[in-house]
Structure formats: structure tokens, C-alpha cells
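Take a look at the structure below and keep it open as you read. We'll go through it in questions and answers.

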Amino acid sequence: MEKNEIHWDEIIEEATKILSQYIQIDTTNPPGNEIEGALFLKEILKKEGFDSVILESEKGRGNIVARYKGDGSLAPLLLLHHIDVVPAEEDKWLHPPLSGKVQDGEIWGRGAFDCKYFGVIELMVLCLLKRSGFKSRRDIILLATGDEEAGGRCGVEWMVKNHFDLIRADFVINEGGVAGFCLENKNLYLCQTAEKGVCWVRLVFRGVPGHASMPDGNNCISDMAGAIQKIGNYRSRLQKSPVTTRFIEGLARKMDFIEEREAAGLFDETSSFKILDMIPEKGLKTLLNTMLRNTFVPAVAHGGKKTNVIPSECYCEIDCRMLPGEDPESIIKELKGILGGHTDFEIEILGSSSPTESRLPNVLYSTIEMCTKKQDPVATVIPFISSGATDSRFFREKGVAAYGFAPLKIEEPLSSHLEKMHGHNERISIKNLAYGIELLYDIVREFCR
Ligand SMILES: [Zn+2]
């Protein structure tokens with residue numbers, strides 16, 4: 001079915017209703033209870049004639065897989081989204097976060113953006129293909145999982161470990177991209193082709209306890225404060241990677257605020273910050289800064305119980321994000337380097353995940369780029385490294401090309417859009433939902449025909 005043969009009004013109405021209902025299902029993680037979301041999707045899929053299978057990693061932690069059969073002449077494509085959402089502070093919202101309220105052309109609720117809308121778009125695309133009897137050369141797999149917001153242990157990680165045969169694909173489209181935003185009359189869409197690794201570290205400082213009225217210069221709290229300050233002021237070295245280079249070249253080629261010659265200076269310690277300051281969009285500037293280097297951010301400080309007691313121990317926790325090519329070992333080494341003068345401390349790794357990357361060029365990426373430009377003539381798609389982790393990493397670790405792409409066009413500045421993620425009053429416009437279905441439909445059809 002060509003795009004102009006589809007009754008879009010009806011499709012959008014249908015999608016709006018599904019998203020509103022999907023939001024009303026409480027899949028707040030913890031505890032997740034994604035089974036309810038999976039059953040909801042299963043029911044819709046069944047009505048459309050799809051067999052689907054629900055797999056529970058633990059009681060209530062549902063994951064669901066459905067498949068649109070192709071002729072097998074090309075490798076499968078997997079459409080991924082997560083069912084769980086983060087908790088919401090209800091009293092700070094204008095409409096209850098689980099209301100799914102539709103008002104003034106917007107659908108409200110937790111998950112409207114992250115990322116139930118994406119699941120609904122994927123679902124609608126699959127339904128449209130089925131209804132039109134589309135002849136696909138690839139199997140198209142729909143996978144909705146739990147636990148993304150808490151690391152994916154009960155979701156994609158578990159599925160990849162235990163049921164990879166059901167979800168084996170060469171290509172994945174997932175959340176994680178940055179929706180098209182306007183800059184200098186062009187719309188910039190950021191496609192996530194890589195993500196930074198995470199390393200959470202606890203630093204434990206020890207000293208001799210004593211009465212606070214009798215200081216002798218030995219105080220682990222002061223030691224820790226000095227260390228936190230050093231980490232807070234530290235800037236890791238600039239690192240060049242193929243994605244960052246492509247990102248910067250893409251910006252320089254398309255945008256007027258920066259020349260290609262100047263852009264190269266972003267990798268130079270003396271000029272980097274001056275050039276970053278030339279970027280007129282705050283969100284883009286912050287994002288690019290995180291793509292250029294590892295980051296070390298003190299986030300927790302804990303120590304002492306009573307004002308007149310010098311404690312024997314205290315600790316702080318550091319959120320470290322590492323670029324592709326780094327690992328926890330190199331991060332610890334760098335951290336030790338920052339804390340050169342400090343001696344009485346121990347380092348404990350609380351958790352880590354590796355950085356991952358899907359290299360370019362890639363046929364799926366090119367299709368995303370081509371279809372986006374077709375739908376939005378002033379679109380520019382550029383690849384980026386996200387500093388946050390998504391479920392794509394589990395597929396990338398298996399050698400699958402996974403891309404995070406948001407088929408949307410936002411009208412607000414990027415920085416305020418990014419602030420809304422996991423924030424209050426999450427919502428999506430029906431116009432954007434429609435835009436997303438149309439764009440993803442085009443991408444999937446183009447890629448699978
Ligand atoms: Zn998400």
C-alpha cells in the first residue's frame with residue numbers, strides 16, 4: 001500500500017487510542033510488571049492476525065515477540081522498544097501520569113515519549129504492512145521488553161541470553177535517537193550509532209576517628225571533599241572517534257555557525273571550548289561536549305554521623321561515562337591519576353557496562369537518512385554517541401547493527417526537549433505521532449522491499 005492510499009486520519013485515531021490505553025497500564029519500574037503491557041500488545045497483535053509469544057524472565061517481567069514473515073532473501077530487521085517506564089511524582093503533574101489523557105492535540109502520561117509512543121509507532125507499522133499484504137524480503141520482528149529503565153537484566157539482556165533464536169536479526173531500530181529539531185532553518189535528526197559505557201565507582205576514604213574538638217589534621221571527610229573537588233574540576237582529554245568526526249563534519253557542512261576548518265579545532269585542547277561556545281543551541285553544545293571525552297561526575301557523598309565526631313570512614317560515588325575504546329580498567333587508571341595526591345582511599349566498582357558502536361556506512365542507516373530527507377526536505381541526519389545507555393548495547397555486543405532513531409520533529413529548543421525526558425508532564429503531540437508512523441512506515445518498507 002502506497003502512503004497516499006492509506007486513510008491516515010483513521011490510522012492516527014487508532015494509534016492515539018492505543019497509546020492512551022498503553023500509557024494507562026502501569027508499568028512503572030520498579031517493579032515493572034511489564035506482563036500487563038505485553039498482554040495488551042498481544043491482544044492487538046492477535047486481532048491483526050499475528051501470533052506472538054510472551055516470555056517472562058521473572059514473574060510479571062514480560063517480554064513479547066511477534067514476527068512478520070518475509071521471503072528470507074534478506075536478513076531480518078528487528079523493531080525494539082521497552083514496555084517499562086520510570087516513576088513519576090504525580091503531584092507535580094498537570095494531569096495524572098497514568099491518565100493517558102488526550103487534550104488539545106496531545107497525549108499525556110509517563111511513557112508518552114520514553115518510549116511507549118515508539119512501541120505504538122512500531123506496532124502500527126507492522127499492522128499497516130500486514131493489512132496491505134506487503135511482500136517483505138526480510139522477516140520483521142517486533143520485540144517489546146521489560147526492565148530497560150533499570151538496566152535490562154530482566155528484558156533484552158535476558159532475551160539475548162536465553163532466547164536469541166527468537167530475536168536473531170542483523171539490524172535493529174530502537175529508541176535512543178534525538179528527534180529532529182530546528183537549527184538555522186534546517187532540521188537536525190541525531191541517529192544514535194554508538195553509546196558511551198557506564199562505570200559507577202565508589203571511593204572509600206579512611207582515617208583515624210576522634211573528637212572534633214581536638215583536630216590533628218587527620219580527617220577523612222576533608223580528604224574526600226578535596227578529592228570530590230578535584231574530580232569536579234577535572235576535564236578528561238579530548239578523544240577523536242569516527243562517529244564524533246562524522247558528527248562534527250556533518251554540523252560544519254550543513255550549518256553556518258561553524259566552518260569545517262574551525263570544527264577541526266574541537267579536538268584541540270586550546271581551542272575546543274571556544275569553538276563549542278560557537279554552537280548556538282545549549283542542548284547540542286552539552287551533547288557534543290560529552291561526545292568528545294570521558295566524564296567523571298561526583299553524585300553521592302556520604303559520611304559522618306555526629307557533628308562532634310571525626311568519622312573513621314566516608315565514601316562518595318562517581319558516575320563515569322566512557323567513550324568507545326575505553327574499559328573500566330582504563331577509567332580506574334584515569335581516576336587514580338586525578339587523585340594523585342590522595343593515598344588513603346579504596347576504589348570499588350559498583351557496576352559497569354561497555355561502550356558499544358555500530359559502524360558506518362550501513363544500509364539501514366542510509367535508508368533512515370534517505371527516507372527522513374524524503375519526508376522532511378530540510379532534514380539532516382547525523383550519527384552521534386549518546387552518553388546514556390539503551391538496550392541497543394546488548395544487540396551491538398552480538399555484532400548486530402543497532403541504531404537509535406526518533407522519527408519525530410520537535411518544535412521546541414533541543415535543551416527543553418531533553419529536560420523533559422524522565423521529567424514532569426511528559427506528553428507527545430498527535431501530530432508528531434502521525435509523523436512518526438508515516439516516517440517509520442516508509443523506512444521499514446524501503447528497507448524490506
Ligand atoms: Zn527509553
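**Sheets, helices and the overall chain**

Q: In β19, which residue is the bridge partner of Trp-108?
A: This is a predicted model, where local features need pLDDT of at least 70 and side-chain atom pairs count only at pLDDT 80 or more, while totals for chains, interfaces and linings use all residues. Residues are numbered from 1 along each chain as its sequence is written. Strands (E, at least two residues) and helices (H or I, at least four) are DSSP runs numbered from the N terminus. Look along β19 for the bridge partner of Trp-108 and you land on Arg-427.

Q: How many bridges join strand β5 to β19?
A: Two strands pair if DSSP finds at least two bridges between them. Strand β5 covers residues 106–108 and runs antiparallel to β19. The number of bridges joining β5 to β19 is 3.

Q: What is the strand order in the open sheet of 3 strands, and which strands stand at its edges?
A: The pairing is antiparallel and the order is β4-β5-β19. Each edge strand has a single partner, so one of its sides is left without a neighbour in the sheet. Those edge strands are β4 (102–103) and β19 (427–429).

Q: In the open sheet of 4 strands, what does the twist average from one strand to the next?
A: The order here is β12-β14-β10-β15, again with antiparallel pairing. β12 (295–303) and β15 (345–353) have a single partner strand each, so they stand at the edges. From one strand to the next, the twist averages 20°.

Q: Which residue in β15 is the bridge partner of Cys-199?
A: Strand β10 (residues 197–206) is antiparallel to β15, and 8 bridges join the two. For Cys-199, the bridge partner in β15 is Ser-352.

Q: Helix α11 packs on the sheet; what angle does its direction make with that of β15?
A: Angles run from 0 to 180 degrees between N-to-C directions, and axes are lines fitted to C-alpha atoms, for helices over the stretch in contact. Helix α6 (residues 220–233) lies across β10, β12 and β14 (313–322), at about 160° to β12. Helix α11 (residues 328–338) touches β10, β12, β14 and β15, and its angle with β15 is about 145°.

Q: Is α1 roughly perpendicular or oblique to α3?
A: The axes of α1 (residues 8–24) and α3 (residues 116–131) come within 10 Å and cross at roughly 140°. Under 35 degrees counts as roughly parallel, over 145 as roughly antiparallel, 65 to 115 as roughly perpendicular and the rest as oblique. That makes α1, relative to α3, oblique.

Q: Which residues of α15 make the contact with α1?
A: Helix α15 (residues 430–448) packs on α1 at about 110°, with the axes 10 Å apart. That makes the two helices roughly perpendicular. On the α1 side are Trp-8, Ile-11, Ile-12, Ala-15, Thr-16 and Leu-19, and on the α15 side Ile-430, Leu-433, Ala-434 and Ile-437.

Q: What share of the contacts in the chain with a separation of 6 or more comes from residues 24 or more positions apart?
A: Residues are in contact if their C-beta atoms, placed from the backbone, lie within 7 Å. The chain has 15 helices and 19 strands. Residues 24 or more positions apart account for a share of 79%.

Q: What radius of gyration does the chain have?
A: The radius is taken over C-alpha atoms, and the globule rule is 2.2 Å times the number of residues to the power 0.38. With 449 residues, a compact globule would come out near 22 Å, which agrees with the chain's 24 Å.

How values were computed
Two residues are in contact if their C-beta atoms, placed from the backbone, lie within 7 Å.
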